Amino acid sequence: MSEMSRTLQIISIQHELAMSIGLDLNLDNMLQLFLERAKKRLSLRSAVVFKEAPRSKNDSDLLCYPYDHRLDDTNDWLSEQVYDFIQRELTNICRQRGDNFYYFFKIPKFGAISFERKFTPIDDIVINALLPLFRRLAVSCQACLEHQNLVDEISNRKAVEEQLRMQTYQDVLTGLPNRKMLNINLQSLLTNAEDHGQYGAVFFIDLDRFKLINDTLGHSVGDELLINITSKLKGCVRRDDTLARVGGDEFILLLSDIGPTEQSAVAKATKVAEKMLGITRDSIELAHCAVFTSFSIGIALFPSPELNVKKTIAEQAKQLVKHADVAMYKIKHTSRNGYLFYRQELQIMSAFRSEVEQRLHVALREDAFELYFQPMVNVAGEVVAAEALLRWHDAKLGWVGPQDFIPVAEECGLIVDIGQWVLRQTCELITQHLDWFEQGTLRYISINISPRQFSQPHFVEQLLEIIEEFSFPHSYLRLEITEGVAMENITSAISIMKALIAHELFFMLDDFGSGYSSLSYLHRLPLKSVKIDRSFVSKIDQSTDNQVIVEAIIYISQHFSLECVVEGLETPEEYAYFHKKDVAAIQGFHFYKPLSRIGLVNTLG
Amino acid sequence: MAVFSDVQFTPEVSVDALTDSIAKLMLSKPKGIMILCSAQAASWGRDFKQCINGLDVPIFGGVFPGLIIDSRFEPSGILVAGFVSNIQVSVVENVSTSSPFSSNLIPMPSSVNSVMILTDALSRQIDAYLQHVLRFVPESCSVFGGGAGTLEFTPQPCLFSAAGVHQDAMILVEMSTRWDLAVGHGWEVMAGPYLANSTDDNCILELNFEPAAQLYKRVVQEHSELHFDEHDFFDIAKTFPFGLARLDDSVLIRDPLKVEGTGLICAGDVPENTMLYIMCGDADKLILAATGAVRKAVSAFCDTHQVSDCFLFDCVSRQLFLQDEFAKELDLIDREIAQPYRTVGALVLGEIELDQSGILSLHNKTAVAALAQAQSQDAT
């Protein structure tokens, strides 16, 4: 090869290797590119980079790249050589070992590099041409390290941001999006819904009886149930659908692209809802128990003419969720374990409900309630007791039935104040007519205690405080609770009842047979009487099934020394059936409708 | 002691012919089988797998543009060779698309003295895989092999193993036999050097900052008085390959196969910023280089041990260039191999060689002969 060609060759090698430095910002990749190229162009057997000045001769962290360099004694020898080399004030050095020549070069402020050549040494002229490359390599190594630091810093920041984002937009227990995230997704869906020409749906899903499970089995079981349910609900929807947890036992599902027409959207949403209801068809198996639950699902479709398009997207989203909530509310308070599509009538009902709530406040303030009393008779038809019943005539709404206002009062909490009003009015009546009781005309007047009232923290104290305002034997007053009240928390219920029984206040179990009808709690609860639910009494003369049930209740009541009261008796035939039964009292239209206070006074003389 | 237990050749290329050849070969109780076939075998697919079902010895091989048996070049046929000693065959799949670092190679035991590599010549990243394989090869191990495929240059299955046929793969055959390598090409510098300032794997985009095809055609036309307008590109280019200058003054040959845009596609990668020469050669020099390398290697053997069988991976473009003279090259090489030992091999699309400096290279237009050191029968 001519002198000129040799010079050109060296320049080209220098150029090629120089150009192969810094081609990647990842240190390993950058070094790999350079070392592979150097190995080829310089006919090297190996090329290895060592980082930093070694701390000792056998520093195992010395090797930088490649990591899988031959794992034989050569490494130890190399480490020793690099260690010696670094101590010296030399830019490069050559060592021979057997047939191999090792060339060591310093990479300023980074470490060193070794080139291994077999059989033939590298010309000095080439070595000199290489020296400037290592200053350039040093700069690139530093740049890679700084880049890596920056990448690490950004990664850490992103990780923190992601954690914050998750905390902001995710429900911690289930890992589902929370209400904030749901609102963002829903607004995005609403924005695009019109353009897509596709319907979407919002599902408001409420887990029935969750509070009961939580209270009776503990919060850990409640949490486990929610996680289990979440997983099952996820299985009912597509990957892109948003399932969010927005409250203790409330979930909202957003479905997009469920059909181009309302009909197809309803069909698709129905399919999803039924799939969800299928989840609770069997018991949910948890770690240490199995629980039965169900869903109440309200569904609102969009786009919908009922969504006021003049409203902002955020307001429309809110309204849509409200619609689904209204539908859920309706199904929850009728049958549970079902689904209902939102209709405008539901909104009207909801509006009525809102108005009732508003007017209840006024009624309480203005004393607009009235107490009626329905007498109870013995089998001979003689009055023995009475049940106080609340009636409400509103100046604006007219007569409002208890079925319309009691649930509202219960929900908004006014039932507590109303209950106290009823108690006070009844106590007042008893006090004014003690002679009824003393002469044996009446044994007691019962009042209904609502679930919310019963679960008030200071229910016992407040009740006794009011009664103590009046002077009458407490046994003249009886308290009616439903199965639901007792079952909310049976241990607590027993404790409350015993506290009041100690003050001669006795309990009657209302609507027995319509709810849980658990004989085990019937035995545990300190009751005085049970009232057979009207559904068993109605047309009992024609229903042998009901007769069997009623006979059983009467028998059980006798066994547990409970008074048995029949309610809802309306016909002579029904009376004929009970005429010779061992029941303590009968209540119903056949004998008396609820009477006003004056009506009762007149009846009892 | 011979490396091959037996060698069978048949000019017929069919699965039945392969079955017959293997049946005959099995009489020699081989511990491994090599199957080299000509282009027609590329379409065998599942038939190949059925043919080798039930054989309980390692199998490897490939499809090549031509076969070499002793001093003969066979453009068509099936060549099967049995191994006296144990061999270990492994297959690396998806060479073009997977990173070499994701392959599941493990370091080879120190008992491995040589590794034959057969690769799909049309795979990308061959060089990166070769460099990666080198990390797992024991010290002082010889490595050689070649690129499989056909002259149609269409992607198709072209490698064999006990698992069936493979495309875009690399086959590694570990052997305890020691093989010494003799490599020669005989090409000489005609013009240059030129800086390959822009390349993309096996495509040279620019030479001296000028479109590569433009510079190459101009230089070749100046030196040869041949005009690319009047001939097929490769008809001229096969006579004027590129040479990558190396520091030890050796030159790695790269065949320019075709023009793509203004760039030149080569058989093998051309790293960016390398210095290239345009080479030329004549038949005598080419033959002399190949046979001379073999002769030199054989004579270097004489003092220490005996040469037995020979693998020969000769570049298909040497055959295309030498044409009738190619028989002379084979004859001269085979003469160096004493009877009863055999020369078997193939015309390949790229030759693989690990040189004495420890550099594993993919050559073009080169002859790579692997000469076995005679071994005892019980070697494993």
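This is a short talk on how chain A and chain B touch and on two sheets of chain B.

First, the ground rules. The model is predicted, so local features need pLDDT of at least 70 and side-chain atom pairs count only at pLDDT 80 or more, while totals for chains, interfaces and linings use all residues. Residues are numbered from 1 along each chain as its sequence is written, chains are lettered from A and ligands numbered from 1 in the order in which they are written, and side-chain values use heavy atoms, with hydrogens and water left out.

Now the interface. Chain A brings 29 residues to the contact and chain B brings 23, where contact means heavy atoms within 4.5 Å. The buried area is about 2,400 Å², and carbon and sulfur atoms give 49% of that. Buried area here is the accessible area, taken with a 1.4 Å probe, that two parts lose on being put together, summed over both. On the side of chain B, the residues that lose the most area to chain A are B:Arg135, B:Leu247 and B:Asn273, together 28% of what that side buries.

How many salt bridges cross the interface? The rule finds three; it asks for a side-chain nitrogen of Lys or Arg within 4 Å of a carboxyl oxygen of Asp or Glu. A:Lys40 forms one with B:Asp269, and their closest N and O atoms are 3.6 Å apart.

Which elements of chain B give two or more residues to this side? They are helix H3 (126-134), strand S14 (188-196) and strand S22 (274-280). Helices (H or I, at least four residues) and strands (E, at least two) are DSSP runs, numbered from the N terminus. S22(B) gives the largest share, three residues.

That brings us to the sheet. In chain B, four strands make an open sheet in the order S14-S22-S18-S19, paired antiparallel. Two strands pair if DSSP finds at least two bridges between them. S14 and strand S19 (251-254) of chain B are the edges, each with a single partner strand, so one side of each has no neighbour in the sheet. Between S14(B) and S22(B) there are six bridges, and B:Val189 has B:Met279 in S22(B) as its bridge partner. Helix H1 (residues 3-19) of chain A packs on this sheet and touches S14, strand S18 (242-245) and S22 of chain B.

Last, the other sheet. Chain B also has an open sheet of six strands, S1-S6-S2-S3-S10-S11, with mixed pairing. Strand S3 (residues 59-63) and strand S10 (residues 159-161) of chain B are antiparallel over three bridges, and B:Gly62 stands opposite B:Leu159 in S10(B).

Technical notes
Axes are lines fitted to C-alpha atoms, for helices over the stretch in contact, and angles run from 0 to 180 degrees between N-to-C directions.
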